[in-house]
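Please keep the sequence and the coordinates at hand while reading.

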Amino acid sequence: MSSIAAMTFEPPLIPGRLIKRYKRFLSDIELSNGEHITAHCPNPGSMKSCQPENAPVWVSKSDNPKRKLAYTWELVMAQERLTLVNTNRANGIVEEGIRGGVVEELREFASLRREVKVGDKSRIDMMLETDDGPCYVEVKNVTLDDGPKRAAFPDSVTARGTKHLHELMGLVDQGHRAVLLFCCSRADTEIIRPADEIDPTYGAALREAGAHGVELLAYACDMDTVEVRLSRRIDIELP
């Protein structure tokens, strides 16, 4: 895979198999050398389609002595598709894609800042400074399997995600450009849709946001166990 506009795993990932995920943020894994570890699972969702028993997984290891858990679960092979489960990686992948010119809708900007404060208590994932003023971008990592070449979001009820949509609509009301970008972290995906059967409130808010002027974008990732990169725009289906 080309390393252009890519997020590279450094140091290299360690392979293993999933024993179980529990308490949302913990996962027991058997490494390829037979060692059993407990790894941090940085994904607050249900991971409904990402945790089959004995699934091949890949973890990273930190040398930070202050960390309670040295290992972090990064990737899983599920439904014969490699999937990035570490949601903390999505913003970096999208930033690399924007800076590398992959996101055609967001090519013209002078600077990019992460975690920009909006209002008294909220933050938006990114702000791009453009000749026409600021452009605010909120990123959502998509991992839920929805059949061949399809994915859906969210995989659990997300009041926080709905709140972000209303904040983006508020920015549009202030005259700003606002974008919701789905980072689809399931390999080979061509279409994503709102998972109305899981969170109908989010689905309704997504449609409202699109009608309100929030730009809805979805980009797929190409990935292997060395790197992940944003690769191409895909369709959002709003039935």
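Arg-207 has a relative accessibility of 26%, and therefore counts as partly exposed in this predicted model. Its salt-bridge partner is Asp-196, with 2.9 Å between the closest N and O atoms. Arg-207 belongs to helix α3, whereas Asp-196 sits in the loop between β14 (191-194) and α3, so this pair ties together parts that are 11 residues apart in sequence. Asp-196 is likewise partly exposed, at a relative accessible area of 25%.

Side chains of opposite charge can pair when their charged atoms come close. How many salt bridges does the count come to? The count comes to 18. One of them joins Glu-30 to Arg-17, where the closest N and O atoms are 2.6 Å apart. Because Glu-30 lies in strand β3 (residues 26-31) and Arg-17 in strand β2, this bridge ties together parts that are 13 residues apart in sequence. Arg-17 is partly exposed, with 30% relative accessibility. Asp-222 and Arg-229 form another salt bridge, and here the closest N and O atoms are 3.7 Å apart. The relative accessible area of Asp-222 is 26%, which means that this residue is partly exposed. Salt bridges with shared partners also join Asp-146, Arg-150, Arg-193, Glu-197 and Glu-237 into one network.

Arg-21 is buried but has no salt bridge. The nearest side chain of opposite charge is that of Asp-155, 6.5 Å away, whereas a salt bridge requires the nitrogen and the carboxyl oxygen to be within 4 Å. What does the side chain of Arg-21 reach at 2.9 Å? One such atom is the backbone oxygen of Asn-43. The backbone oxygen of Arg-24 also lies 2.9 Å from a polar atom of the Arg-21 side chain. With neighbours within four places in sequence left aside, the residues in contact with Arg-21 include Leu-26, Cys-41, Pro-44, Met-47, Gln-51 and Trp-73.

The aromatic residues provide the next step. A search of the whole structure finds two aromatic pairs. Phe-153 and Phe-182 form a tilted pair, with 5.6 Å from centre to centre and 55° between the planes. Phe-153 lies in strand β12 (residues 150-153) and Phe-182 in strand β13, so the pair ties together parts that are 29 residues apart in sequence. Both of these phenylalanines are buried. The rings of Phe-153 and Tyr-202 have centres 5.4 Å apart and planes at 70°, and the pair is therefore edge-to-face. This second pair links strand β12 to helix α3 (residues 200-212), where Tyr-202 is found, across 49 residues. Tyr-202 counts as buried because its relative accessibility is 1%, and Phe-153 is buried at 12%.

Beyond its neighbours within four places in sequence, Val-137 is in contact with residues including Leu-106, Ile-124, Leu-128, Val-179 and Leu-181.

Note on methods
Residues numbered from 1 in each chain as written. Predicted model: local features only at pLDDT ≥ 70, side-chain atom pairs only at ≥ 80, totals over all residues. Heavy atoms only, no water. Contact = heavy atoms within 4.5 Å. Buried < 20%, exposed > 50% of the residue type's maximum accessible area, 1.4 Å probe, protein only. Lys, Arg positive; Asp, Glu negative; His and termini not counted. Polar contact = N/O pair within 3.5 Å; in protein donor to acceptor, adjacent residues only side chain to side chain. Phe/Tyr/Trp six-rings, centres within 6.5 Å; stacked < 30°, edge-to-face > 60°. Helix = DSSP H or I, 4+ residues; strand = E, 2+ residues; numbered from the N terminus.
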